[in-house]
There are 2 protein chains.
Amino acid sequence: MTKFGLYGKFTAADGKRDTLVEILVEASKAMEEINECELYVVSIDNTDPDSVYVYEVWSDEKAHQASLSLEATQTLIQHAKPIIAGTERISTISPIGGKGLKEG
Amino acid sequence: MTKFGLYGKFTAADGKRDTLVEILVEASKAMEEINECELYVVSIDNTDPDSVYVYEVWSDEKAHQASLSLEATQTLIQHAKPIIAGTERISTISPIGGKGLKEG
């Protein structure tokens with residue numbers, strides 16, 4: 001199976017970055033229950049007060065696609081949408097290996 | 001401690017991407033022994049035959065800095081340098097939380 005990876009940037013509405021980070025980290029807890037989600041890492045950029053970066057790795061693209069219809073994801077979208085001013089897909093990648101990934 | 005994250009792209013010399021991936025994945029095995037290295041994920045982009053992406057998370061910036069002088073890193077650099085045509089730092093970030101990160 002080809003692993004499926006995404007790296008993207010959210011631009012938070014003015015002054016809402018930390019709230020957005022909280023919502024995304026909360027959502028990542030729901031991912032703990034989903035085996036096909038290997039990584040869901042939420043980061044900030046200390047030089048940019050409005051950006052939140054998410055790096056995701058899924059067992060394959062189908063698993064990621066299926067996750068979009070999960071209740072946890074729908075809840076995330078509802079909570080986050082009002083405070084998201086922009087989104088940018090930086091990379092769509094195929095993780096091959098390395099520390100932190102499941103083998104195979 | 002503020003975690004330290006990097007997301008970067010290597011451009012491999014013509015036809016050398018897979019060799020570069022092998023070298024980087026091999027290097028990531030050495031990272032298994034380094035607690036401060038939480039993630040070191042090597043990926044490719046199916047639409048671009050020459051690019052290799054590395055997503056790294058370290059316990060802090062000092063740990064990452066210290067890793068540059070490790071033998072494993074020096075070996076990686078020696079092996080990889082001849083087949084690297086370019087490098088690009090896409091993001092320098094502070095991972096906050098999420099699936100795949102150590103707590104705290």
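Start with Phe10(A), which is found in strand E1 of chain A. The model shown here is a predicted one. Which residues does Phe10(A) touch, leaving aside those up to four places away in sequence? They are Leu20(A), Leu24(A), Asp50(A), Ser51(A), Val52(A), Val54(A), Ile84(A), Gly86(A) and Thr87(A). One of these, Asp50(A), is 40 residues from Phe10(A) in sequence, while the C-alpha atoms of the two are 8.2 Å apart in space.

How are the two chains placed relative to each other? In general, two copies of a chain are related by a rotation about an axis and a shift along it. In this model, chain B is superposed on chain A by a rotation of 180 degrees, with 0.0 Å of shift along the axis and an RMSD of 0.0 Å. The two copies are thus related as by a two-fold rotation axis. The same surface serves both copies, since 100% of the contact residues of chain B recur in chain A. As for the axis itself, the residue of chain B that comes closest to it is Gly100(B), with its C-alpha at 3.4 Å.

Now consider the interface as a whole. In it, 31 residues of chain B are in contact with 31 residues of chain A. The size of an interface is often given as the accessible area lost when the parts come together. Chain B and chain A bury about 2500 Å² between them, and 55% of this is on carbon and sulfur atoms. Of the area that chain B buries against chain A, 27% comes from Tyr7(B), Tyr55(B) and Lys99(B), more than from any other three residues.

Which kinds of polar link cross this interface? There are 18 residue pairs in polar contact across it, but zero salt bridges. On the side of chain B that touches chain A, at least two residues each come from helix H1 (17-31), strand E2 (37-45), strand E3 (48-58) and strand E4 (84-99) of chain B. E4(B) gives the most, with ten residues. Sorted by class, that side of chain B has 18 nonpolar, nine polar and four charged residues.

Salt bridges do occur elsewhere, with six in the structure over all chains. One of them joins Glu38(A) and Lys3(A), whose closest N and O atoms are 2.6 Å apart. Glu38(A) lies in strand E2 of chain A and Lys3(A) in the segment before E1, so this pair ties together parts that are 35 residues apart in sequence.

Technical notes:
Residues numbered from 1 in each chain as written. Chains lettered and ligands numbered in written order. Predicted model: local features only at pLDDT ≥ 70, side-chain atom pairs only at ≥ 80, totals over all residues. Heavy atoms only, no water. Least-squares fit on C-alpha atoms with pLDDT ≥ 70 in both. Contact = heavy atoms within 4.5 Å. Buried area = accessible area lost by both parts, 1.4 Å probe. Salt bridge = Lys/Arg side-chain N within 4 Å of Asp/Glu carboxyl O. Polar contact = N/O pair within 3.5 Å; in protein donor to acceptor, adjacent residues only side chain to side chain. Helix = DSSP H or I, 4+ residues; strand = E, 2+ residues; numbered from the N terminus. Nonpolar A, V, L, I, M, F, W, Y, C, P; charged D, E, K, R; others polar.
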